[in-house]
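Please read the following report alongside the sequence and the model.

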Amino acid sequence: MQQSAVPELAHTHTRPIHWVATATAVAGVVALASVAQPGSATAAQSAPAAGSRSAAAAVAPPDPAGVRFPLQCGPVKAVVAKKATGDLDGDGRPETVAVVHCDAPMGTPPDGVYVLTRAADGGRPRVVATLVEPGQRLTVTDFTLRARAVSATLLGYSSDAVPSCCPDVKTPATWRWNGSAFLRSTPAGAHAV
């Protein structure tokens with residue numbers, strides 16, 4: 001075996017001073033990294049040049065709080081169970097779709113699904129379309145708004161004899177704006193019992 005021509009290196013033997021120096025260097029790097037962090041990321045797009053911002057882009061999505069829904073709840077109030085916002089009609093102003101039911105103390109009250117909009121001047125939100133009537137005795141699940149379409153799974157009943165606790169029909173549904181109304185589509189053979 002051949003001996004090394006280089007004498008034994010001093011750093012091959014660790015001593016407490018080496019650990020202190022390493023810990024100090026790591027602490028310095030962590031402190032420097034916390035100071036030199038980039039700004040917070042946001043999902044907002046950068047603002048357009050002054051004067052190019054349209055009135056439609058300045059309108060906030062309608063908030064369902066305080067909207068009077070066409071729902072008869074008697075002594076209890078209406079509750080917004082789910083909501084989603086997006087531009088359903090392509091006009092550059094967002095709409096809100098709300099799943100609403102009466103705040104019943106027990107049981108499963110049926111849902112209503114309503115589309116809300118507001119005028120370009122930012123007026124009060126108002127109901128412009130009803131996608132599901134509460135009188136249909138449906139419960140809405142898997143509710144989404146994506147690609148200018150509202151999708152949901154509707155749980156219902158095969159007859160009036162089925163108890164309200166136990167829906168026995170499951171139907172997927174999608175609504176799209178056709179320029180004058182929301183059209184509902186259901187995939188063929190989609191009803192499940």
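## Strand pairing

Leu 154 stands opposite Thr 171 in β7, and the strands concerned are β6 (residues 149–156) and β7 (residues 169–177), which run antiparallel and are joined by eight bridges. Strands are taken here as DSSP runs of E with at least two residues, and helices as runs of H or I with at least four, both numbered from the N terminus; two strands pair if DSSP finds at least two bridges between them.

β6 and β7 belong to an open sheet of four strands, ordered β5-β6-β7-β8, in which the pairing is antiparallel. Because β5 (139–146) and β8 (182–185) stand at the edges and each has a single partner strand, one side of each is left without a neighbour in the sheet. From one strand to the next the twist averages 20°, with axes fitted as lines to C-alpha atoms and angles running from 0 to 180 degrees between N-to-C directions.

## Basis and confidence of the model

This is a predicted model, in which local features need pLDDT of at least 70 and side-chain atom pairs count only at pLDDT 80 or more, whereas totals for chains, interfaces and linings use all residues. Residues are numbered from 1 along each chain as its sequence is written, and side-chain values use heavy atoms, with hydrogens and water left out.

The mean pLDDT (the predictor's confidence in each residue, from 0 to 100) is 79 for the protein, and 71% of its residues reach 70 or more. Over residues 37–56 the pLDDT is below 50, and beyond near neighbours in sequence this stretch has six contacts in the model, a contact meaning heavy atoms within 4.5 Å.

## Disulfides

A search of the whole structure finds two disulfides, each defined as a pair of cysteine sulfur atoms within 2.5 Å; with the bonded cysteines numbered in sequence order, the pairing is 1-2, 3-4. Cys 73 and Cys 102 form a disulfide with their sulfur atoms 2.1 Å apart, and with -85° about the S-S bond this link is left-handed. Cys 73 lies in the loop between α1 (16–35) and β1 (78–86) and Cys 102 in strand β2 (residues 95–102), so the pair ties together parts that are 29 residues apart in sequence. Both Cys 73 and Cys 102 are buried, where buried means under 20% relative accessible area, exposed over 50%, and partly exposed in between (1.4 Å probe, protein chains only).

Cys 165 and Cys 166 form a disulfide with their sulfur atoms 2.4 Å apart, and this link is left-handed, with -70° about the S-S bond. Cys 165 counts as exposed because its relative accessibility is 56%, while Cys 166, at 41% relative accessibility, counts as partly exposed.
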